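Good morning, and thank you for making time for this presentation. Please look at the sequence and the structure as they come up, and I shall then go through the model part by part.

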Amino acid sequence: MTASFQHPSVPFLMAALLIPLIRTDKYRWLLPIPALMAVAAVLTMPTGTHGVMQYLGQTLTTGRVDTLSIVFAHVFAIQAVIGFIYALHLRDRAQHVAANLYVAGGFGCVFAGDYLTLFLFWELMSIASTMLIWLNRAPRSTAAGFRYFLFHTLGGLMLLAGMLIRHQATGSFAFEAIAPGAAQWYDYLILTGFCVNAAVVPLHAWLPDAYPRATITGAVFMSAYTTKTAVYVLLRGFSGFEVLAIGGTIMAIYGVCYATIENNARRILSYHIVSQVGYMVAGIGIASQLTLNGACAHAYAHIIYKGLLFMTTGALLYATGTAKLSELGGLVRRLPWVFVLYMVAAVSISGMPLFSGFVSKTMVIAGAAEAHRTWLALGLELASIGTFLSVGLKLPYFAFYAKPDDMTRPITPIPANMYVAMGLGAALCFIIGVQPHLLYSLLPFEADYVPYTPWHVLQISILLGFTGLGFSLMVGRLTPAAKQNLDFEFFYIWIGRIFLFFCQYPFAVVDAWWSEIYRKVGLGGLLERAKEANYCDQLVIDGILDGSALGVRGIGRHAASTVNGKLQDYIGGAVILAFGIGAAAMLFTLLR
Amino acid sequence: METSTLGELLGRARQNPGFWKKVMYGIMVLLVGLNVLIYPHHPHFPGEGKPGYWAVFALVATVAMVRICKGAAHTFLGKKEGYYDR
């Protein structure tokens with residue numbers, strides 16, 4: 001093949017430039033084209049280092065192509081096609097521009113060969129995704145967008161600080177794997193920056209805060225790229241870090257616990273991103289060949305089924321105007337296809353055999369068990385149960401059944417393009433599930449894994465089946481409440497408030513004192529000095545001058561009486577007088 | 001109100017909860033029965049070789065998770081919507 005490297009970000013960046021310039025609304029039919037060009041570029045690109053350029057006095061590598069970057073780029077491109085088909089009906093140029101920039105940023109991060117290039121695209125993603133929240137054009141979205149941007153700026157600054165200090169220490173921006181034993185403190189700074197985007201607990205609260213408030217189509221894009229780009233950079237740079245193995249398992253369980261009690265469907269799915277990314281992060285931390293492959297495979301499968309979950313709940317929100325389970329229910333006869341497509345994604349994320357999650361999630365769990373990380377493996381099994389409980393049973397039950405059939409609620413017809421996109425996603429979930437070798441052939445590490453053994457299939461069937469039994473026993477307790485559940489954003493907000501308090505009170509009080517002291521002592525002192533100077537001026541200097549004038553007059557009178565007509569006497573007297581006045585004036589000037 | 005054949009089918013599914021319960025229990029029994037015949041050759045967890053291990057694990061975990069999480073939501077996590085907008 002004589003293919004050359006075409007950077008997949010370029011068509012998206014061009015689209016972002018062109019969309020505002022086209023006058024007709026028909027441009028929307030062309031929206032999937034950059035994504036299709038990206039698919040072609042990824043399928044034909046040769047491995048190696050491409051796109052090296054000089055910028056800011058540094059060598060930037062924009063095209064590092066190897067098996068690891070290709071597997072992520074592959075699914076990024078496919079999900080971009082699906083995402084833009086889903087957004088085809090939208091007459092909002094700003095959203096299309098933001099989505100194109102965001103996807104371009106995702107590809108840029110995946111192919112970045114150095115920290116500087118990575119940082120530039122990282123920040124592009126951060127800004128464009130903030131736009132996707134703000135463009136929902138609701139007061140709560142605006143506020144959530146500010147919080148999101150603030151938190152990602154903080155993470156970006158940690159990455160920037162870490163990479164600059166690293167450059168100072170090593171003289172290079174090279175983005176290569178760091179051995180856990182050799183990691184310096186600045187490497188941990190970079191790791192923390194990455195962990196913000198990977199939504200590692202306790203740095204995760206931005207995700208369930210912001211994603212439910214993004215636009216319907218924006219959330220579909222955001223669910224795919226931000227966290228998975230972070231998974232990619234963690235895989236590239238920080239595999240084998242124990243903190244990730246434990247942190248990932250905590251994420252997996254933490255996410256499903258919150259998903260069990262949440263009311264907003266998109267917030268439930270957001271917590272499931274935390275949970276599912278937890279599997280990937282744990283796989284990266286355990287770092288056996290099998291778990292690393294599992295992390296890649298799970299990222300691939302996850303992007304497709306999570307996109308489908310956000311598309312189907314987005315369709316629900318589009319049709320009914322709400323994503324709150326307490327306000328939904330009894331909709332299965334009205335939106336049967338949304339229900340079926342949702343269930344395909346739900347059984348995929350739950351790891352049911354024949355669907356995509358089964359062939360990827362079990363890789364991480366089996367890898368953890370084979371690496372003798374028994375507790376971590378057991379934690380991940382527990383999270384699988386919670387996943388099926390909340391996404392596979394609770395959400396669809398309360399959204400589509402639970403209440404009597406709702407035949408009167410006004411329902412906005414769902415555009416055909418949304419159904420096409422959802423159908424594509426569902427087909428991929430199934431194809432990956434029944435033909436796992438298609439996915440496995442992309443994986444970068446050497447590890448053989450056979451998902452369809454009798455025991456694997458039976459074990460997951462028992463797990464899911466008895467979770468269903470548990471659900472049927474507990475369904476009364478699971479009724480969603482129209483409440484807001486506190487999470488770590490409580491602490492972020494309090495840290496913010498304490499900071500604000502310090503600005504308002506102690507700092508402000510010190511500032512007020514300082515102004516007062518200045519006013520009393522400084523300004524008052526100055527006035528005092530001015531008064532003294534004035535006094536001195538009036539009494540002493542003027543006194544001397546006036547006095548001398550009076551004196552001169554007096555002297556003149558006396559002189560007049562003592563005029564002897566001797567010129568030398570007059571001159572001598574005048575000189576003495578002049579000297580006296582001059583000396584006194586000099587003396588007072590010096591004293592002032 | 002317009003509905004499709006699929007919608008009718010899915011809507012009708014819930015008119016017979018007793019039947020579905022029987023199907024579910026049947027599947028449970030079948031799965032645990034299969035577990036006697038099919039078991040892991042290299043158990044990774046203590047007790048994994050015994051039939052019904054994962055069944056008990058899943059049931060206990062589900063009930064515990066619902067009780068603990070819902071309990072937390074009822075006592076200290078759940079606040080009025082718009083809690084931070086005060």
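This is a predicted model: local features need pLDDT of at least 70, side-chain atom pairs count only at pLDDT 80 or more; totals for chains, interfaces and linings use all residues.

A:Val52 stands opposite A:Thr61, a residue of strand E2 of chain A. That pair belongs to the antiparallel pairing of strand E1, residues 48-55, with strand E2, residues 58-65, both of chain A, over seven bridges. Together E1(A) and E2(A) form a hairpin with two residues between them. In the turn, A:Leu56 has a positive phi of about 55°.

Let me turn to chain A as a whole. Its secondary structure comes to 21 helices and three strands. The radius of gyration of chain A is 36 Å, whereas the globule rule gives 25 Å for 592 residues, so the chain is more spread out than a compact globule. The C-alpha trace of chain A spans about 140 × 60 × 55 Å along its principal axes.

The domain assignment divides chain A into domain 1 (1-238), domain 2 (239-483) and domain 3 (505-591). Between the centres of domain 1 and domain 2 of chain A there are 23 Å. How many residues of these two domains are in contact? There are 36 from domain 1 of chain A and 44 from domain 2 of chain A. On the side of domain 1 that touches domain 2, helices H3, H8 (206-210) and H9 (216-237) of chain A each supply at least two residues. H3(A) gives the most to that side, with twelve residues. By class, the residues of this side of domain 1 are 27 nonpolar, eight polar and one charged.

Helix H3 also has a helical partner to consider. The axes of H3(A), residues 67-86, and H4(A), residues 93-111, come within 9 Å and cross at roughly 170°. The two helices are therefore roughly antiparallel to each other. From H3(A), the residues A:Ser69, A:Phe72, A:Ala73, A:Phe76 and A:Ala80 meet A:Val103, A:Gly106, A:Phe107, A:Val110 and A:Phe111 of H4(A). Eight residues of this contact are nonpolar, two are polar and none is charged.

I now come to the interface of the two chains. Here 45 residues of chain A are in contact with 39 residues of chain B. Several elements of chain A each supply at least two residues of the side that touches chain B: helices H10 (242-261), H13 (336-350), H15 (374-400) and H18 (454-474), and strand E3 (484-485). Which of these makes up the largest share of that side? The answer is H18(A), with 16 residues. The side of chain A that touches chain B has 29 nonpolar, eleven polar and five charged residues.

The axes of H13(A) and helix H1 of chain B, residues 5-12, come within 8 Å and cross at roughly 70°. That angle makes H13(A) roughly perpendicular to H1(B). The contact is made by A:Pro336, A:Trp337 and A:Phe339 on H13(A), and by B:Leu6, B:Gly7 and B:Leu10 on H1(B). Five of the residues in this contact are nonpolar, one is polar and none is charged.

The other element is strand E3 of chain A. E3(A) is joined by two bridges to strand E1 of chain B, residues 78-79, and the strands run antiparallel. In this pairing, A:Gln484 stands opposite B:Lys79 of E1(B).

That concludes my presentation, and I welcome your questions.

Methods. Residues are numbered from 1 along each chain as its sequence is written. Chains are lettered from A and ligands numbered from 1 in the order in which they are written. Axes are lines fitted to C-alpha atoms, for helices over the stretch in contact, and angles run from 0 to 180 degrees between N-to-C directions. Helices (H or I, at least four residues) and strands (E, at least two) are DSSP runs, numbered from the N terminus. Angles under 35 degrees count as roughly parallel, over 145 as roughly antiparallel, 65 to 115 as roughly perpendicular and the rest as oblique. Two residues are in contact if their C-beta atoms, placed from the backbone, lie within 7 Å. Ala, Val, Leu, Ile, Met, Phe, Trp, Tyr, Cys and Pro count as nonpolar, Asp, Glu, Lys and Arg as charged, and the others, Gly among them, as polar. Two strands pair if DSSP finds at least two bridges between them. Domain bounds come from an automatic or database domain assignment. The radius of gyration is taken over C-alpha atoms; the globule rule is 2.2 Å times the number of residues to the power 0.38.
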